[in-house]
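Dear colleague,

Please find below the structure for your review.

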Amino acid sequence: MLTEAATKDPSEAAADVQAIEGALSQALSDAPGRPPRLLEAMRYAVLGPGKRLRPRLVLTACRACGGDPADALPAACAVEMIHAYSLVHDDLPAMDDDDLRRGRPTVHRQFDEATAILVGDALLALAFETLVWPPTPVQVAAPACRELAHAAGPAMLVGGQADDLSGAEAAPDDRDAALAHLEAIHRRKTGAMINVSLRLGALCASAKPQQLSDLTAYGDALGLLFQVTDDLLDVAGDESAVGKRVGKDQQAGKLTYPVLLGVEASRAYAAEMADRAVAALASFGPPAEPLRRLTRQILERDR
Ligand code: GRG
């Protein structure tokens, strides 16, 4: 069970966000050959008001494995760049066709569609360039590149998105089978980037195999926790409208946890995933306290 003490957010988390945003800004600075408008759009996409969950997981997992989080900053920047690229492309008219992201116009609305496509392409490439920067030693950079490419590639992030886009018609009618289908999408679309963030942090700390597999078990549960809370946030706000909103999603054939389980059971499922995540950290002891805190924050998040 998560303790009350685990909810307090010490200044370490704020310092991590500051370090991450500083490093991202530096990685996205003016350099020969970078067209000013493209760079402006890349900075707009990355440096907007995001939660920085994935890069925080990189630094926090590194710390939990006894490493120096400064060594993991390039990996932290890399995962956030890939995350930002995936949001920019997801918002495009050919995908979700969204006008707003992080409370501001989406990149294709603020700039134009071609620029948004190029922003995603450029961020994906820059992520790998950044990942292999010093201080990432070459014996860490090679496995880190392989793991990140796999998580962002056709079997995971892109594959999950493709299956999600092919939509509800592919989903089985039976509720349990539909739930399994939903989880298979989320494990790839959302979970893979969460999991690789933890694993990159651990690799930067030269973690033992047992630490890596415990963090993977933690990440599996955390990814599902993140997704179910995302779905719940989508129907939150006006409690009286919750039933109506769930009904609308159902009519639109949109698969979400509230649609499949109902709101109350989705909340219970979130709590179960949080407990499962924390249980996977048992062998780490006190160095994993920031990861336990982060778990609690995701369970209780309001954005
Ligand atoms: C286009 C290859 C490709 C993939 C897109 C990330 C994604 C896949 C789609 C986004 C759609 C979505 C809302 C998914 C739910 C989970 C999710 C990734 C939410 C956004 O992440 P946050 O809440 O965002 O961490 P911030 O803005 O805080 O960084």
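In this predicted model, the largest nonpolar core comprises 81 residues. The residues with the most contacts inside this core are Ala45, Val58, Ala61, Ala75, Met81, Leu123 and Leu225. Helix α4 supplies the largest share of the core, namely 12 residues. As a general matter, nonpolar side chains in soluble globular proteins tend to be buried together.

Leaving aside its neighbours within four places in sequence, Ala45 is in contact with Ala84, Val88, Val107, Val119 and Leu123.

Helix α4, which covers residues 73–91, is mostly covered, with 18 of its 19 residues buried. Its end C-alpha atoms are 27 Å apart, and this agrees with expectation because 19 residues at 1.5 Å a residue should span 27 Å.

The ligand site also involves α4. How many residues surround the ligand, and which are the closest? There are 15 residues around the ligand, and the closest are Gly50, Lys51, Ser86, His89 and Gln161. Two or more residues of this shell come from each of α4, α8 (157–166) and α9 (175–204). The largest share, five residues, belongs to α4. Sorted by class, the shell contains four nonpolar, six polar and five charged residues.

Helix α3 (residues 53–64) deserves a separate paragraph. Its 12 residues reach 16 Å from the first C-alpha to the last, close to the 16 Å expected at 1.5 Å a residue. Helix α3 is mostly covered, as 11 of its 12 residues are buried. The buried residues include three arginines, Arg54, Arg56 and Arg63, and also Val58 and Ala61, both of which are among the residues with the most contacts inside the largest nonpolar core. The buried residues of α3 pack against α1 (11–27), α4, α9, α10 (209–235) and α14 (289–299). Just after α3, Gly66 adopts a positive phi of about 85°.

Finally, I note one residue towards the end of the list of findings. Is Val278 buried or exposed? Val278, found in helix α13 (residues 263–279), is buried, because 22 other C-beta atoms lie within 10 Å and the cut-off for a buried residue is 20 or more. The C-alpha atoms of Val278 and Gly191 are separated by 16 Å, while the two residues are 87 residues apart along the chain.

Yours sincerely

Technical notes. Residues numbered from 1 in each chain as written. Predicted model: local features only at pLDDT ≥ 70, side-chain atom pairs only at ≥ 80, totals over all residues. Near = placed C-beta within 6 Å. Helix = DSSP H or I, 4+ residues; strand = E, 2+ residues; numbered from the N terminus. Nonpolar A, V, L, I, M, F, W, Y, C, P; charged D, E, K, R; others polar. Expected span 1.5 Å × (residues − 1). Core = buried A, V, L, I, M, F, W, Y, C linked by C-beta atoms within 7 Å. Contact = placed C-beta atoms within 7 Å.
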